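My notes are below the structure.

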Amino acid sequence: MSHNQSAFWCGFLDCIPFILVVAPFGLLFGVVATEAGLNLLETMSMTVLVIAGAAQFTALALLQDHAPTIVVILAALTVNLRMAMYSAALVPHLGKTSLSTRALASYFMIDQTFAVSIKKYESNPHWSTSQKTAYYFGCTTALCPFWYLFCLTGALVGQSIPKEYSLDFAIPICFISLIAPMLRSLPHLVSALVSIVLALVLAWMPYNLWLIVAAVFAMMAGAKTELWVKSRRAEC
Amino acid sequence: MLSTWTVWIVIISLGVGTYLIRFSFLGLIGGRELPEWVLRHLRYVAVAVMPALITPLVIWPEATAGEPDPSRLTAAIAAFVIGIRFNSVIGAILGGMVTLYGMQYLLG
């Protein structure tokens, strides 16, 4: 097998377990969207065009509250603003690929595949661009079709997994599990800590703005700490 | 009842807007070299975004009407400890969910 093929399957296998997290979330979206009065075409169009769970749920909740259309759109887009940061963070790794590859990679950019890919790139700095690209698409191939499939199933069957299974908590557990192994240095720890504290302190901000503000400051805190650690080392 | 027009305007605006957000930097910067200070910031994107994204879900879960829940808090801590100690994502997810069910069973 070539390097690229093996990187693709490596990404695929690394992401397969996250189907367990995507499944209940997708089912729930299908059910909730149908109950809100969206027909199958509308539910699936949203799923395929937006392909971002948190934003889809935000839009749905605000539609049901009869919020002004512009508010629905802006609030859901603000939830997705974090992906501009993912997009930037992928530039050093996938930036040298063709425009069509980047266009496709952008469409499939979701939290899990981003986090898993970045973690892999950090631990394999010698990887070529084509290996990194193959790995990335291995990740998306393992997850994105299942997002469509489970949203569809939820919409058709009209039943999600009973609340007693507490699968609402699979998402936070999944993200904690992705992030914890990345906290290997002081700057990473500081950044995560600032992120948590600001998320709580800024919770009052409307339209999900707290998320992007907290994330930007946390990123700056990480970068500043990295500089500080380096200057300390230089002094010693 | 939601109007069909409203729903389609939301779906299409959200689809186009989200795609442009995702495409933004990757699409427009492409292969150009980024200055070191930018790269330094980008190294922290994952650890800056994701903790903020889930912190409210952990502290004020919707399933308990926003009340902090001992089972969920313990499960979150368990996943964190396993993840940081054993460097295993899957181990942390499984450990977290097992802890959640265990705590719910113990607390009735």
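**Conventions.** I am reading a predicted model, in which local features need pLDDT of at least 70 and side-chain atom pairs count only at pLDDT 80 or more, while totals for chains, interfaces and linings use all residues. Residues are numbered from 1 along each chain as its sequence is written, and chains are lettered from A and ligands numbered from 1 in the order in which they are written.

**Chain A, overall.** I looked up the secondary structure and found twelve helices and zero strands in chain A, where helices (H or I, at least four residues) and strands (E, at least two) are DSSP runs numbered from the N terminus. For its 236 residues a compact globule would have a radius of gyration near 18 Å, and the 19 Å of chain A agrees with that; the radius is taken over C-alpha atoms, and the rule is 2.2 Å times the number of residues to the power 0.38. The C-alpha trace of chain A spans about 65 × 50 × 40 Å along its principal axes. Of the 236 residues, 52% count as buried (20 or more other C-beta atoms within 10 Å of the residue's own, with C-beta atoms placed from the backbone).

**Chain A, annotated spans.** UniProt, in an unreviewed entry, places the feature "transmembrane region" at several spans of chain A, including residues 44–63 and 70–91; such annotations may be inferred rather than shown by experiment. Residues 44–63 of chain A are 90% helix and 0% strand, with end C-alpha atoms 16 Å apart, whereas residues 70–91 of chain A are 95% helix and 0% strand, with end C-alpha atoms 31 Å apart.

**Chain B, helix α5.** I then checked α5 (residues 89–107) of chain B, whose 19 residues reach 27 Å from first C-alpha to last, close to the 27 Å expected at 1.5 Å a residue (1.5 Å times one less than the number of residues). Its buried residues include B:V89, B:A92, B:I93 and B:G96, and what covers the buried residues of α5(B) includes α10 (170–179) of chain A together with α4 (70–86) of chain B. Just after α5(B), B:G108 takes a positive phi of about 70°.

**The contact.** I noted that 80 residues from chain A and 64 residues from chain B take part, two residues being in contact if their C-beta atoms, placed from the backbone, lie within 7 Å. On the side of chain A that touches chain B, helix α6 (residues 82–94) of chain A gives the most, with twelve residues.

Methods:
A residue is buried if 20 or more other C-beta atoms lie within 10 Å of its own, exposed if 12 or fewer, and partly exposed in between; C-beta atoms are placed from the backbone.
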